[in-house]
Amino acid sequence: MNHRVVSPQGVDLASRRSASQLRQDVEKELIAGHKVIFDLSKVESVSESYADELFGILTLTRGVEVFGTLIAVRGAKPNVMQSLARAIKERLDADEEGALRGTLQTLVAAKHAKDARNPRAGL
Amino acid sequence: MAIAGLSAYLSNDPTVSEDGHCELWTIERGFRSPGFWVALAAYARHQGVGYQQLRFSAPERHEQYCRAIRLPTALGEPDSYEHERINEGLKYSPLILLEDAHSTDRATSDVNGCIRELCRPLGVAQFTADLCEVVGDLHDNVWSHGKSTGFSMAQRWNVLHSQNHKCLEFALADCGIGFLRELHRVGLKVSSDEEAIDWCIQKGNSSKLVRAPQDDWAQWLPPDMMGNPIAGIGRVRESENHHQGLGLAKLVSLVQKYKGALWLASGNAILTINSNGRRAIEAPRFSWPGVTLACRFDTGAIGQSVEAPVGDYITDQLITLLGEGS
């Protein structure tokens, strides 16, 4: 499966409108059967609004399973990763925390196993 | 050094004298902080007052500065500043009208550039990240709630009589519908501006999360809800729209944790939080038509605060999942 590298414009990502436009581009890539890698190496901060509109809504429409299988993030600073993860978490059902923990454990274990089989494969 | 900020602007007498003089359009001698400038720019634009109608008590001190921070441009004049703005995005962020995604992102980058520059020597990575994130949220929400009437600005300055302390103030002002009318619009029973402010700064409260008769964002939301392709796991929380919060609760939390100061006004109320954490409600001399705020941080106080590590099991697992490789 081919992958596409997406690099958002700007150092500080703030507006929902920008995130929404980028998400629509990402959706087209996914529909076309491509995997998507977000290159965030130049990004210094992501607002809650931006993170929710991009990663939160992708969680809403495609499920958390899309991360690590079809979508990944490259080069993000720790605070940026925190913002993205929080946005995803906010969109997941807090009432199902036990089930969510199990799901994440399974997904992370599958990702580790895949990475171990082919450490250079990326997604 | 007396600093005239947002409170000073809101305590101006709005009446117009017989000779046409009005305090609202007069810039008196002395230092003015971003809270003053954003309120002036937003209200002048709201009232159709042009740059040429402003009166300067000390034009030699303020006119050059006003051109540097782009006040004439904010009020419809061409940019006449003759120098290169080498400190823009480092020591100050000019007045930027938040009218589209591009200007919202640009204002965020300029303000956050100032924050990073200020905080770099302090070793306060968490504060820097949290404040930058909040600035982005506030800009985005002023744009979406403020009907493209909002201005942003930031400025840092040296604290008088201190060794190395600096202050940074970040301010926003819009002439949208304000908190009270916004909460009424979504059906909340709130009876005063003071109550509306109090509601809006509570964690988890956002008018966008209340069921509204019609949502502003519904017009442009793409019809892309295509469903979870792998049903059964990772169930998601449904929401009518994509707004999650206003960032105000987080800003208040940062102001209190890092001993900053905050002024937040809407309608006939101004909430102030001083560096000791004391809250007070004041009344402006005139009703502010939208929302305006200014927050100020002192590097002396920021540097003394202890940063606690953040994170939890689910967030950490999600970060692992998001990373390109392990």
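Modeller: Contact here means heavy atoms within 4.5 Å, and the model to which this is applied is a predicted one.

Colleague: What makes up the contacts in chain A with a separation of 6 or more?

Modeller: Residues 24 or more positions apart account for 85% of those contacts in chain A, across a chain whose secondary structure comes to four helices and five strands, in the order β-β-α-β-β-α-β-α-α along the sequence.

Colleague: How do you know whether the radius of gyration of chain A agrees with that of a compact globule?

Modeller: The rule takes 2.2 Å times the number of residues to the power 0.38; for 123 residues this gives a value near 14 Å, and chain A has 14 Å, so the two agree.

Colleague: What makes B:Lys259 partly exposed?

Modeller: The term covers relative accessible areas between the limit for buried, under 20%, and the limit for exposed, over 50%; B:Lys259 has 48% and is therefore partly exposed. B:Lys259 belongs to the loop between helix H9 (248–257) and strand S8 (261–267) of chain B, and its phi, near 50°, is likewise a positive value in a residue other than glycine.

Conventions. Residues are numbered from 1 along each chain as its sequence is written. Chains are lettered from A and ligands numbered from 1 in the order in which they are written. This is a predicted model: local features need pLDDT of at least 70, side-chain atom pairs count only at pLDDT 80 or more; totals for chains, interfaces and linings use all residues. Side-chain values use heavy atoms; hydrogens and water are left out. Helices (H or I, at least four residues) and strands (E, at least two) are DSSP runs, numbered from the N terminus. Buried means under 20% relative accessible area, exposed over 50%, partly exposed in between (1.4 Å probe, protein chains only).
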